[in-house]
Amino acid sequence: MKLLSTKATCNSHGQDSSYFLGWEEYEKNPYDEVHNPKGIIQMGLAENQLSFDLMESWLSKNPDASGFKRDGKSIFRELALFQDYHGIPSFKKALVDFMAEIRGNKVTFDPNHIVLTAGSTSANETLMFCLAEKGEAFLLPTPYYPGFDRDLKWRTGVEIVPIQCNSSNNFQITQQALQQAYQEAQNRNLKVKGVMVTNPSNPLGTTLSRSELNMLVDFIKDKKNMHLISDEIYSGTVFTSPNFLSVMEILKDRNYFKDSSNDADEVCDRVHVVYSLSKDLGLPGFRIGAIYSENTTVVSAATKMSSFGLISSQTQYLLSSMLSDKKFTKNYLVENSKRLKQRHKMLVSGLQKTGIKCLESNAGLYCWVDMRHLLNSNTFEAEMELWKKIVYEVGLNISPGSSCHCTEPGWFRVCFANMSEETLKLAMKRLKEFVVESTGNNNTRNTNTQSKRKSSSLTKWVFRLSSRDHRDRQEER
Ligand SMILES: Cc1ncc(COP(=O)(O)O)c(C=O)c1O
């Protein structure tokens with residue numbers, strides 16, 4: 001008899017992905033301006049640290065919100081006892097209003113249709129549990145957020161079938177790619193339960209176009225019993241044109257309303273939005289996520305499931321006060337996007353000076369960076385080789401495209417909002433030196449003491465990765 005369950009011992013969590021391994025390496029040797037100036041700079045974490053001062057200033061002016069008080073009186077006991085998994089009504093109202101504000105109030109959201117979850121991670125998994133059986137599939141455009149292998153597949157047993165997008169059209173979703181993915185699922189005998197997109201995209205940093213969104217709605221409309229999930233976690237993290245267009249706006253423009261007499265009613269039941277305050281407000285530690293759905297059965301089931309990952313009542317109370325302050329939210333959204341725009345520009349121009357291009361983008365906390373010209377060959381092995389050099393020799397943790405299931409070797413996701421300007425400048429300086437040395441010197445490096453030390457850790461890294469590969473292969477057998 002086995003001591004542990006198959007789930008506890010299986011390897012499908014995805015933590016062996018280079019995306020998470022890069023974080024581990026960073027943790028062992030984190031850059032610090034004073035204490036560890038040669039350490040690894042974390043550029044593999046999509047965190048927004050640019051606007052904390054705005055929130056800190058609000059907190060100092062509104063001490064009741066974090067001090068468990070209402071009108072100066074303690075509500076500690078009320079919050080300590082609160083346990084209704086439907087959430088605090090004032091928070092749900094404030095959250096849906098904030099979601100509408102991000103969308104320029106072109107659409108509204110009903111607080112009765114929102115389910116609160118511990119971040120989007122939990123929201124996405126909960127939706128999988130509600131919409132699909134083990135062994136059924138969702139189609140996802142590539143490249144996609146590496147965490148989806150964990151969030152959508154690991155505990156649910158749901159499969160992801162990639163919609164293969166590529167650089168020839170800036171990674172846009174095409175009808176052909178969508179049909180091919182559908183066909184691929186059929187060939188694998190997988191029942192397709194829907195399509196899931198991230199809009200704006202992680203890792204591309206681009207927003208979906210109206211025609212792409214309409215194509216996706218058409219697709220689920222034609223194929224009965226299929227869902228469309230739109231993870232809009234970066235909806236307030238758009239800093240330049242084109243503007244963000246939510247799938248909810250598409251439904252509205254098409255006159256698809258719930259309770260309308262035509263078959264549009266039925267389509268509304270199959271479109272679900274995921275949101276979180278982890279990116280737009282930079283609060284991943286607070287674990288504030290949500291599912292928005294017009295489907296009452298989904299809302300009811302997901303609410304019951306949310307018992308496994310609720311948002312604490314004091315967090316809900318704090319955020320309901322903050323988000324109800326419309327002067328604050330308006331100023332925050334404008335100022336935050338100004339800062340993101342400036343930081344994005346810094347990264348793009350820093351890379352340009354090194355001869356590196358990025359996919360043109362308007363959103364997100366990262367750029368999708370084209371380093372194909374730095375590969376020794378057009379292979380994923382060469383991508384890993386380059387990535388290891390960048391982690392160990394250059395001291396930058398960036399995320400290889402292969403960890404995002406990109407089909408073309410040589411693309412990397414590089415984050416820009418989780419560090420200071422000085423650190424970003426240093427990162428660009430390190431990268432420039434590396435590129436000049438490796439391209440100008442025919443890819444050879446000086447064998448000084450420092451590079452010997454680095455290559456010995458590179459050897460260890462290669463060994464560690466290959467032993468993992470070996471173990472994985474054993475497990476697969
Ligand atoms: C597209 C996407 N969805 C979900 C998540 C998870 O976010 P949360 O912190 O809200 O769980 C992330 C985090 O990076 C993400 O990029």
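Let's start with what is buried in helix α6: F91, K92, A94, L95, V96, F98, M99, A100, E101 and I102. Buried here means under 20% relative accessible area, with a 1.4 Å probe and protein chains only. That makes 10 of the 14 residues, so α6 is mostly covered.

Keep in mind that this is a predicted model: local features need pLDDT of at least 70, side-chain atom pairs count only at pLDDT 80 or more, and totals for chains, interfaces and linings use all residues. Numbering runs from 1 along each chain as its sequence is written, and side-chain values use heavy atoms, without hydrogens or water.

Helices are DSSP runs of H or I, at least four residues; strands are runs of E, at least two; both are numbered from the N terminus.

Next, the neighbours. The buried residues of α6 pack against β4 (114-117), β9 (271-276), β10 (289-293), α14 (313-324) and α15 (326-353).

Take α15. Its axis and that of α6 come within 11 Å and cross at roughly 40°. D97, F98, E101 and I102 of α6 meet K326, T329, K330 and L333 of α15, with contact meaning heavy atoms within 4.5 Å.

Just after α6, G104 has a positive phi of about 60°.

Methods
Buried < 20%, exposed > 50% of the residue type's maximum accessible area, 1.4 Å probe, protein only. Axes fitted to C-alpha atoms, helices over the stretch in contact; angles between N-to-C directions.
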